[in-house]
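This report describes how the parts of one protein chain are packed and paired. Please consult the sequence and the structure shown here while reading.

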Amino acid sequence: RIAGVDDGHPRLFEVVRHLNAAATLVGDPEERGEVAALDLAAARRARASGAFAAVADYAAAGLEFLGPSARVQAPRAWFELALLRAEGLFLAGEHAAAEAALGDMLEKTADREGRARVFELWAALDLHAGRLRSTIEHGCLGLEALGEAPPRTAGIPVLVEFLRTRAALGRRAPEDLLALPALTDARVRLALRLYFVILGAT
């Protein structure tokens, strides 16, 4: 690892900016991977602090460090950086660029959960832009990528699901529900987020 630097470094942004400025001097593949990981950490911290334009910049720099073969040689790092770059563009108001980035990711992403995460972000972008029909379409495509059935929007099936939910809850008080263990299954959490974004457009 780069000596004394990790994702919790108090001056992470400053360190990463210097490393990015010296990108042409970092030739060792392992070191370039380490800098890309720091760019990923900086992008995440920038997102948490609301510095949305910086999110895309750090993520783009990380992708540059990984190089053109990253999708094959470092698929997880490539995916996280590419998705953060698209999110950063979206949050900074560059919607057309964000959609182009998401479309490129879909062409290059084969695993189901990865595709679902791309559709989740695209649906959120649609919802923010007021494109409700596209929100539902992208949300449903995300659910289908996970192998989940898209929600039904009207009629008897909705009433049936409502009654099933009421039966499952029984007479438990809200305090009882809050005391239940937290949901940890990442796939189920992703499916729920997709249902929620679809609900926001209905």
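A residue is called buried when its relative accessible area is under 20%, and exposed when that area is over 50%. The model discussed here is predicted. At 17% relative accessibility, E80 therefore counts as buried.

**Helix α1 and the cores**

In helix α1 (residues 12-21), the buried residues are L12, V15, V16, L19 and N20. They span an arc of only 130 degrees around the axis, which places them on the same side of α1. H18 and A21, on the other side of α1, are exposed. The buried residues of α1 pack against α2 (29-48) and α3 (52-66).

The largest nonpolar core comprises 40 residues, and L81, L83, L102 and V118 have the most contacts inside it. Helix α5 gives the most to this core, namely nine residues. Among the residues that L81 touches are A36, L40, A59 and L63.

**Salt bridges**

Side chains of opposite charge can pair when their charged atoms come close. The model contains nine salt bridges, including those tabulated below.

| Salt bridge | Closest N and O atoms |
|---|---|
| E80 and R44 | 3.7 Å |
| D126 and R131 | 2.8 Å |
| R187 and E148 | 3.0 Å |

Because R187 lies in helix α11 (residues 186-199) and E148 in the loop between α8 (132-145) and α9 (156-169), their pair ties together parts that are 39 residues apart in sequence. Salt bridges that share partners join R44, E80 and R117 into one network. D126 is buried, at 1% relative accessibility, whereas R131 is partly exposed, at 30%.

How values were computed
Residues are numbered from 1 along each chain as its sequence is written. This is a predicted model: local features need pLDDT of at least 70, side-chain atom pairs count only at pLDDT 80 or more; totals for chains, interfaces and linings use all residues. Side-chain values use heavy atoms; hydrogens and water are left out. Buried means under 20% relative accessible area, exposed over 50%, partly exposed in between (1.4 Å probe, protein chains only). Helices (H or I, at least four residues) and strands (E, at least two) are DSSP runs, numbered from the N terminus. The arc is that of the directions from the helix axis to the C-beta atoms. Contact means heavy atoms within 4.5 Å. A nonpolar core is a set of buried Ala, Val, Leu, Ile, Met, Phe, Trp, Tyr and Cys residues joined through side-chain atoms within 4.5 Å. A salt bridge is a side-chain nitrogen of Lys or Arg within 4 Å of a carboxyl oxygen of Asp or Glu. Lists of a residue's contacts leave out its neighbours within four places in sequence.
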